[in-house]
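Take a walk through this fold with the structure open beside you.

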Amino acid sequence: MINYPNGSPPYQIAKNIDNHSKRGATLEKDINASNTYYKDLNIALIYKKPTPIQVVRVDYPRRDRAKIIEAYYRTPSTTDYNGLYKGKYVDFEAKETKNKSRLPLQMIHAHQIKHLELVERHGGIGFFIIRFSYYGKTYLVDAPLLIRTIKKTTSYAIPYDWFEQNGHLIKEGLYPRLDYLKVVEALYFKEEN
């Protein structure tokens, strides 16, 4: 094995990168790997938020083998990810669909919309990362734009072509797996470029 000059080991290459049938199930894994890359290179500090649960019953077969038997969600989670990039608060929700023609609106919940509206109101950066696994394409969409569209529509879904026209295609690669911060840079840090 060859290590990098600073002694750190090389990043693990995700298996089945070119297997289109498994892309839809890997969005979270791809974002997590990208966030690790961004953190390790001191580019950004973005984390997956834990889902708040209330543990009700625990089984203790042995002292070192506690097992949660029953638990409930305490409150609805807000969004999937948050953190800091260039001194700005970043918050986003990630969704993936196997549907080739639309994103069903039932996938985006009212509490997520409310949370992202608050993020914008307080000066943060909010967006959605939407993957259409059928096409193997992942888009970054500004939260205020998607929320306005959701509130205007009378349909139960937003068509795929809306994302092609209004979303920003995220480049896929090895390091980072999804370079979504490149899109964030172009959208939200125009003045600095």
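Which residue of β4 does Y47 stand opposite? Y47 stands opposite N82. Keep in mind that this is a predicted model.

Strand β1 covers residues 44–48 and is one of the edge strands. Strand β4 covers residues 81–85. These two run antiparallel, and 5 bridges join them.

Now widen the view to the sheet. It is an open sheet of 6 strands. Their order is β1-β4-β5-β7-β8-β10, and the pairing is mixed. The other edge strand is β10, residues 168–169. Each edge strand pairs on one side only.

The pairing of β4 and β5 is antiparallel, over 5 bridges. Y85 has K88 of β5 as its bridge partner. The hairpin of β4 and β5 has 2 residues between the strands. K86 takes a positive phi there, near 50°. Most residues other than glycine have a negative phi. K86 is partly exposed, with a relative accessible area of 45%.

Stay with β5, which spans residues 88–97. This strand is mostly covered, with 7 of its 10 residues buried. On to β7, residues 125–132. Here the sense is parallel: β5 and β7 pair over 8 bridges. Within this pair, A94 has I129 of β7 as its bridge partner.

Next come the helices that meet the sheet. Helix α1, residues 27–40, lies across β1, β4, β5, β7 and β8. Its direction runs at about 150° to β1. Helix α5, residues 180–188, also packs on the sheet. α5 touches β1, β4, β5, β7, β8 and β10. The direction of α5 makes about 135° with that of β7.

Between α1 and β1 there is a loop, and N42 lies in it. N42 has a positive phi near 60°, in a residue other than glycine. N42 is exposed, with a relative accessible area of 72%.

A further backbone feature sits in the loop between β10 and α5. That loop is the place of P176. A cis peptide bond joins Y175 and P176, with omega at about -5°. Most peptide bonds are trans.

Now turn to helix α3, residues 143–152. Which of its residues are buried? They are A143, P144, L146, I147, T149 and I150. An α-helix has 3.6 residues a turn, so residues three or four places apart point the same way. The buried residues of α3 pack against several elements: α2, β7, β8, β9, α4 and α5. Of these, β9 covers residues 157–159 and α4 covers residues 160–166.

Two packed helices are described by the angle between their axes and the distance between the axes. How do α2 and α3 pack? Their angle is about 135°, and their axes are 10 Å apart. The two helices are therefore oblique to each other. α2 passes α3 in a left-handed crossing.

Which residues make this contact? From α2 come I113, L116, E117 and E120. From α3 come A143, P144, I147, I150 and K151. These residues divide into 6 nonpolar, no polar and 3 charged. Among them, A143, P144, I147 and I150 are also buried residues of α3.

Terms used:
Residues are numbered from 1 along each chain as its sequence is written. This is a predicted model: local features need pLDDT of at least 70, side-chain atom pairs count only at pLDDT 80 or more; totals for chains, interfaces and linings use all residues. Side-chain values use heavy atoms; hydrogens and water are left out. Two strands pair if DSSP finds at least two bridges between them. Helices (H or I, at least four residues) and strands (E, at least two) are DSSP runs, numbered from the N terminus. Contact means heavy atoms within 4.5 Å. Axes are lines fitted to C-alpha atoms, for helices over the stretch in contact, and angles run from 0 to 180 degrees between N-to-C directions. Buried means under 20% relative accessible area, exposed over 50%, partly exposed in between (1.4 Å probe, protein chains only). Angles under 35 degrees count as roughly parallel, over 145 as roughly antiparallel, 65 to 115 as roughly perpendicular and the rest as oblique. A crossing is left-handed if the near helix is turned anticlockwise from the far one by less than a right angle, and right-handed if clockwise. Ala, Val, Leu, Ile, Met, Phe, Trp, Tyr, Cys and Pro count as nonpolar, Asp, Glu, Lys and Arg as charged, and the others, Gly among them, as polar.
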